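Q: I am new to this structure and would like a close look at one part of it. Could you pick a loop, walk me through it, and then show me what surrounds it in the wider model?

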Amino acid sequence: MFRRLFLTLPFATPALAQSGHSHSHGAGPNGGVVAELGNQHLELVLRDGELRIYLLNEQDQPMPATGVAGSAVLQSQGRQQTLRLAAGPGNAYLVGQGEFVARGTRVVASLTLPGQPQRSVRFPVAP
Amino acid sequence: MRRFLPLALIACLLALPVRAHEGHDDEAPVASNALPRLQAESELFELVGVLQPGGLMLLYLDRWADNAPADGAITVTIEGQEVAAERLGVGLFSLRHPRLARPGSIDLIFSVSAGEEMDLLTGTLEAPAPAEHAEEAHGWLDALREAPVLLIGGLALLLGGLALGRLSAPRPLPPMVEDEAPRKAAPLAVGLLMLLAASPALAQTGVAEPPRRMEDGTVFLPKPSQRLLAIRTQATATAEAFATLQMPGGIVPDPNASGRVQPSQTGRLEGGERGLPTLGQRVERGQVLAYVTPSYTAAERGTLTQNAAELDAQIAILQARATRLLSLRGSVSEREIQEAQAELAGARQRRAAIQPALSGREALVAPVSGSVSVVRAALGQLVDNQMAVFEIVDPARLWVEALAFERTSLDNIAGASATLPDGRALELEFTGRGLARRQQAVPLNFRVIAPPADVDVGSPVVVLLRVRRNLSGIILPADAVVRSAEGPPVVFEHTSAERFAPRPVRVQPLDGARVVVTEGVNPGARIVVQGAGLIAQVR
């Protein structure tokens, strides 16, 4: 038991030190809500039945969605569904289609950026 | 003693791997024994997952704003697989997945439903890599393998030592001299303890992590401890409040609902129909509490008796005359008969008037309804007309008298409250203030709205006067503010799921139970409103 405890020490330190990322971004350049993934920004634009995720760099400049794979979990009106995300026209954004209303929908996206492991990101709920 | 030799050798061998790890203490001196964990939060919930040794994860689900455990259900998505977390208690779940036992960074998506509310959360778990464990084990094994001479030599020495010890062992003595039982019991107990320590079942019930103060002054309080101490928070918002003024004061009875019972003359005390009233007894207005029999000097009593005797004689004469005149009706004038009868009635009235002074007694009557609060009476006691025999107070009607040492802003009083010595708050209504100074202060009177039944007249109180001068700040319960070890008052902000940061604040009392924080806390912060004193104790 003690051995395990000692072994966990070096890994527990960063876990403790990390604090919740709670600062809120303003609206994104496409009018959606912005979340942070690593050193990148992601902007979520929700319409009824359609979900778009724009990739932005730190200065909120658009980045191509080339080679990005992922899915999104949605919670809308008490129902949960998973959407597969595909690159939109011109690789400008990732898009997924489903049956949901935009209002009050909570979204968590799991994305694999080129050369990075899969990461999940939660978007703040649009007012 | 020599029998211990092989045992000691085995113990040394067993201790070897443990000792080899002690060097790691230097590498991570701050986090003494925290387990790997993840945090996830949204506007509604706060979730902490603690990875227990053995790949089991305990999930603690709380409301984001007030830190109260949230009951519900959690489904976790691990690498595209949905796993339902098992509910262990209110806001406590356990999650089992083979992926959790493997090292590396992993993102989990939590689908939370608590009552009507649903939410999605995500968090990253940095699972520990057991690589170092393997490396360590290889470390000394490899060393032995690289030097087979050492291994062989060591084993030969060990065997030689064992054989030597066996040969030179003393012959067993009779049991009277040396008892074998404890020797056998000791290694058995050691073995049992080691088994217990190594047992994975024990490890899975949750490793206790002590709360502690970090180097930056914040307090690390694990979720189990937060549950135990019932830590509750409040999301703060700026509000307007009236500025307050503190004054010393005391509880006094309402002058219209309290009274003293005093006799009007010197006399001897007698009980009423039900004896003397007792302390705390409820009496009604007009109720007879006691009697006072007047006491006279010998001269006074002589004069009275003489008057009575004279009157008695006069009545007898007048009675006889009236009777005689009445029997001669017709021969005497009617006017004479009436005069005789009037004189007789007058004499009887005078006699009746001095009768109480001779044998009568004065009734002591309660002037108001209320409770008897002072009794200075004993049967047969001589009382004079200066003495308050009983005092009566209506406990439902109490006032507070306070002394205001600064006259400023006494003219725009918005309201007032008082704090009793035990911390309870009383709401007050301002009734008036005196114009004459007393002890260099202006006396103020307040009516207590709905006084508690157990408040005593004369209790000291602290009166908080709200004046019409607006103060902008964050209103918190008084319990949220604790005094730090350095002196200034602090509140604890819930900065992340298991971290509490002390924030020095400037506070003003608002009423007995609430304070206004005017400086030191930003609106929107989560401030501990219950259990702050316990967090302050963490060292």
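A: Happy to. Let us start with B:Q439, which sits in the loop between β24 (425–433) and β25 (442–449) of chain B. Please keep in mind throughout that this is a predicted model.

What is the phi of B:Q439? The angle is positive, about 50°, although the residue is not a glycine. Is B:Q439 buried or exposed? With 7 other C-beta atoms within 10 Å, B:Q439 is exposed.

B:A230 is not a glycine, yet it has a positive phi of about 50°. Its place is the loop between α7 (223–229) and β12 (232–235) of chain B. B:A230 has 12 C-beta neighbours inside 10 Å, and the cut-off for exposed is 12 or fewer, so B:A230 counts as exposed.

A glycine comes next, in a hairpin of chain B. The strands β2(B) and β3(B) form a hairpin with three residues between them, and there B:G54 takes a positive phi near 105°. Strand β2 covers residues 45–52 of chain B, and its antiparallel pairing with β3(B) runs over eight bridges. Within that pairing, B:V50 lies opposite B:L58 of β3(B).

Now follow β3(B) itself. How many of the eight residues of strand β3 are buried? Six of them are, so this strand, residues 56–63 of chain B, is largely enclosed by the rest of the structure. Strand β3(B) also pairs with strand β7 (residues 92–96) of chain B, in the antiparallel sense and over five bridges. There, B:L56 has B:R96 in β7(B) as its bridge partner. As a general point, side chains in a regular strand alternate between the two faces of the sheet.

Elsewhere in chain B there is an open sheet to explore. Four strands make it up, in the order β18-β17-β15-β20, with antiparallel pairing. At its edges are β18 (362–365) and β20 (382–383) of chain B, each of which pairs on one side only. Strand β15, residues 267–271 of chain B, pairs with β20(B) in the antiparallel sense through two bridges. You can find B:G267 opposite B:V383 of β20(B).

Stepping back, chain B as a whole has 10 helices and 32 strands. Of its 539 residues, 27% count as buried. Take the contacts in chain B between residues at least 6 apart in sequence: 69% of these join residues at least 24 apart.

Chain A is the other chain to look at here. It has one helix and nine strands, and from the N terminus on its elements run α-β-β-β-β-β-β-β-β-β. Of the 127 residues of chain A, 35% count as buried. Among contacts in chain A with a separation of 6 or more, residues 24 or more positions apart account for 50%.

How confident is the prediction for chain A, and where is confidence lowest? The average pLDDT of chain A is 76, and 79% of its residues score at least 70. Helix α1 (residues 2–17) of chain A has the lowest confidence, with a mean of 41, while strand β7 (residues 94–97) of chain A has the highest, at 89. Over residues 1–23 of chain A the pLDDT is below 50, and this stretch has 46 contacts in the model beyond near neighbours in sequence.

Notes. Residues numbered from 1 in each chain as written. Chains lettered and ligands numbered in written order. Predicted model: local features only at pLDDT ≥ 70, side-chain atom pairs only at ≥ 80, totals over all residues. Pairing = 2+ DSSP bridges. pLDDT = per-residue confidence, 0-100. Contact = placed C-beta atoms within 7 Å. Buried ≥ 20, exposed ≤ 12 C-beta atoms within 10 Å, placed from the backbone.
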